[in-house]
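Me: I've got a two-chain complex open on my screen and I'd like to talk it through. Can you take my questions one at a time?

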Amino acid sequence: MKILEIKNLSLKSKKSNALLLNNISLTLNKGETLGIVGESGSGKTLTGLSVTGLLDSSIFEVISGEVIYSKQNLLACPEEYLRSIRTKKISMVFQEPMLSLNPVQTIKKQLDEVIKLHVTKIKKDINSLSKEIIIKTGLEDVDKTLLSYPHMLSGGQRQRVMIAIALVCKPDILIADEPTTALDVTLQLQILDLLNNFKIENSMSMILVSHDLDLIKNYSDHIIILNNGVIVEDGLTRNVFEKPKHEYTKKLILSKPDKIITKNSGDKKILETKNLSCRFPLNNPFFTKNKKYFTALSNVNIHVNIGETVGIVGESGSGKTTLAMAIMQLLNYDGNIIFDNKDLSMLSNKDIRKYRNNFQIVFQDPFSSLSPRLNILEILSEGLVAFNKDIKYNELFDICTSLLSEVGLSNDMLLRYPHQFSGGQRQRIAIARALSMKPKLIIFDEPTSALDVIVQKNILELIVSLQEKYSLSYCFISHDLKVIKSISHRIYVIKDSEIVETNSTENILNYPTSDYTKNLIKSSFLS
Amino acid sequence: MNKYNVYWVKFLKNKRNKYSLFVFGFIFILSLFAEVLSNDKPIIMSIDSKLYFPIIMTYSDKHFDGYFDTEADYKDNFMTQKIAMKNNWAIFPLNPHSYDSINLNKSTPNPAPPSQYNYLGTDDRGRDVLARLLYGFRLSVLFAFALTAIGILIGLFFGALQGYYAGKIDLYLQRFIEIWGSMPELYLLIIFSSLFEPSVLLLIILLSLFGWMGLSDYVRAEFLKGRNMEYVIAARTLGLSDTKIILKHILPNSMVSVITFLPFRISGAILVLTSLDFLGLGVPPDTPSLGELLAQGKENIEAWWLSISTFLVLTGTLLSLIFIGEGIRESLDSRSE
């Protein structure tokens, strides 16, 4: 039974006149989950927003089309009617649970508000209903949760609260816009299972918007693939994944990182950490003696061999980035870091600066890792000038040109500024900058997490080809086991500032020993 | 250089910005040549077929067969007769009054309303209002430029120090700023102006001692944000020194807030000088100043030419500076692209 239908919806931006959605048509049946997949900027969120009439009319203009729900065209309905069906009949869950909750109100107040508006005004019923829905979303300690403020809850808990608010009126349709993207992988499954169970219990329909193909594949019945505001393919999920018709779909499905590991890695250690610990003082009063500390790393022992890629996988807050910063000598630590038979912890700041060209880092966010006021030539030549003050402009120009071609960019880009590049190109520039120092070890801190899947794959291939060419050693940090798996020889699993497990990639994936690793593998849809 | 062109084009696109900059710039450049435009000495004159340049050179009465060693007064009867003699001539500036020249041959009482002799009238001591406005405007703007420049240098230095090194340095400097900032600035000014002989330099020093704190807070915040940006960390991993990182990476990216601040600080400084002069705590009495003219306007409420002309000059200056500031902020804001 059809419950929602979008007919030939086209949408444009008022400012740039660009067509954002082009002739989108879709149907949602009762009790069914429709998955919408696409890269960033493909229009998947806009499609979701247009259903509830939440599009900002000062920015967007509907050119044509209808959104039909219970025989009414929602696009033509007055605001009051839309307000009465939002949350009650059509409900939404957004990506960022921190931004979607009001920080100065308790959970109970925000939840009660919705119930009061749409369900009942009797105090006793409100209380029982809010408790009931909180229990259903799997939050423990119901009374405490209800009385807490959003900042007292973790990201996963907050998303559960958002889901509770969205589902408390038992809506017909739930639009979940990247509901788990901001959460750790192990939480993703729990949240999606929660949504799925609720859907089955109340025969609700769901639109699941995501960039994550695995997630959509496991949770949706129908699937729509969007590219630049156009539906390039739709159909039953199984059919689309087994026999993709459109080129773009094929590319998307194939973009799942393959195993692209270099063959030979030596046995000689290039980097070794011995009992590496790191702690940060908590907000102590100025004159206290027994200060409290937050332990970010405790007794971490890892090593990287020459020509080897070591994957470090862990959730947010597990200490992976702290580890990278400690190895890069950018923060104070206890223990020893031995690089190329030299104990870096013994060196003075000045000596370390002279030694820095040997190890480099590439960051996650290509938008903040390049200074917006410098052009590419300046960015790439900076390190070279710091190490060789007498270097001539001609030489610099030649080196930077060859660096750019090394990472697959053309040399006419040298005098452009970072904002003229796409995310993938910027990440290539960041890699070129790291290469400019001719390092022996490069640390990659989530280098592909901010990129779309297809670009992700290209960057990974570039990284591996560079390793083959220069026998570089890599330390690859990510929360994404799929990426780590495709590129690493060995894997360290880090949790709560400690290494919980380490082994070769095959062994870790096939015979995980710790529960945490098992959970991680399951959540990444790798089993 | 291309990127600066972009900002410039964007700035000029807005007509309000364009005209504000044009009006302010034009008047400021004019005022820089105040000595040539408004002076009681001739620009050039010829006496007994000899050329004289009284604006540049100082001639005593004796040069013109007078009796005194003092500088010649070209408005004096002795000189006017000399100039009026056959074959002698003199070219006077457009407004033949300086800021401190008093016309003694006038029949009307002071302050005198606008007339063909004094285009904007005279103040209560018989000095030409137009000349005093022109010189006063120049002094105010130059004073404001100097004060702002010093404030920015000190503010940038302390702000960068605090923001980049953070930790203990930041903690102690911030406490120092809190103590320093809570000193009663106005009373210190009053005390100092009675201790020392008032002068423009003294005012600049005193106001500079307190004027840098607002900016250093801004710079500090920008640097605190900037020091953890990934491109700054990347620069550290490339082995760049702290000074280089500050100058090349963080400073250019925090300059937007500093530059945006500039016109507002300049207009603030003009206002401070005017208020101090109005209260009689500012520059020495003879110096031409807008605040002193306003005070005269208050004393002689019926002399409308005093208060209205000064008010218009002051408002026009402040308004155009604020429009310029808004324009700069808008054109530097990358979000509005």
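Me: How many residues does the contact take from chain A, and how many from chain B?
Reply: Keep in mind that this is a predicted model. The predictor gives the complex an ipTM of 0.75 and a pTM of 0.78. As for the contact, chain B puts in 15 residues and chain A puts in 22 residues.

Me: Which element gives the largest share of the side of chain A that touches chain B?
Reply: Two elements of chain A, β17 (359-362) and α14 (376-387), each supply at least two residues of that side. The largest share is four residues, and it comes from α14(A).

Me: How do the residues on the side of chain A that touches chain B divide into nonpolar, polar and charged?
Reply: The contact takes 22 residues from chain A. Sorted by type, that side of chain A has six charged, six polar and 10 nonpolar.

Me: Let's look at chain A by itself. How many helices and strands does chain A have, and what is its radius of gyration?
Reply: Chain A has 21 strands and 20 helices. The globule rule gives 24 Å for 527 residues, and chain A comes out close to that, so it is as compact as a globular protein of that length. Along the principal axes, its C-alpha trace spans about 75 × 60 × 45 Å. The radius of gyration of chain A is 26 Å.

Me: What percentage of the residues in chain A are buried?
Reply: Start with the contacts in chain A that have a separation of 6 or more: residues 24 or more positions apart account for 69% of them. Out of the 527 residues in chain A, the buried ones make up 42%.

Me: Why is strand β9 of chain A largely enclosed by the rest of the structure?
Reply: In a regular strand the side chains alternate between the two faces of the sheet. On one side of β9(A) sit His222(A), Ile224(A) and Leu226(A), on the other Ile223(A), Ile225(A) and Asn227(A), and both faces are covered. The strand is largely enclosed because the buried residues number six of the six.

Me: Which residue in β10(A) stands opposite Ile224(A)?
Reply: β9(A) pairs in the parallel sense with strand β3 (residues 33-37) over four bridges, and there Gly35(A) stands opposite Ile223(A). With β10 (residues 230-236) the pairing is antiparallel, over six bridges. In β10(A), the residue opposite Ile224(A) is Asp234(A).

Me: Which residue in the hairpin of β9(A) and β10(A) takes a positive phi?
Reply: The hairpin has two residues between the strands. The positive phi, near 50 degrees, belongs to Asn228(A).

Me: Now for chain B. What is its radius of gyration?
Reply: Chain B has three strands and 13 helices, and its mean pLDDT is 85. The globule rule gives 20 Å for 337 residues, and chain B is well over that, so it is more spread out than a compact globule. Its C-alpha atoms fill a box of roughly 80 × 50 × 40 Å along the principal axes. The radius of gyration of chain B is 25 Å.

Me: Is Phe192(B) partly exposed or buried?
Reply: Phe192(B) lies in helix α7 (residues 185-195) of chain B. A residue needs 20 or more other C-beta atoms within 10 Å to be buried, and 12 or fewer make it exposed. Phe192(B) has 15, so it counts as partly exposed.

Me: Which helices do the buried residues of α12(B) pack against?
Reply: α12 covers residues 290-299 of chain B, and its buried residues include Leu290(B), Leu293(B) and Gln296(B). The helices they pack against are α5 (129-165), α11 (242-279) and α13 (304-332) of chain B.

How values were computed. Residues are numbered from 1 along each chain as its sequence is written. Chains are lettered from A and ligands numbered from 1 in the order in which they are written. This is a predicted model: local features need pLDDT of at least 70, side-chain atom pairs count only at pLDDT 80 or more; totals for chains, interfaces and linings use all residues. Two strands pair if DSSP finds at least two bridges between them. Two residues are in contact if their C-beta atoms, placed from the backbone, lie within 7 Å. Ala, Val, Leu, Ile, Met, Phe, Trp, Tyr, Cys and Pro count as nonpolar, Asp, Glu, Lys and Arg as charged, and the others, Gly among them, as polar. pLDDT is the predictor's confidence in each residue, from 0 to 100. The radius of gyration is taken over C-alpha atoms; the globule rule is 2.2 Å times the number of residues to the power 0.38.
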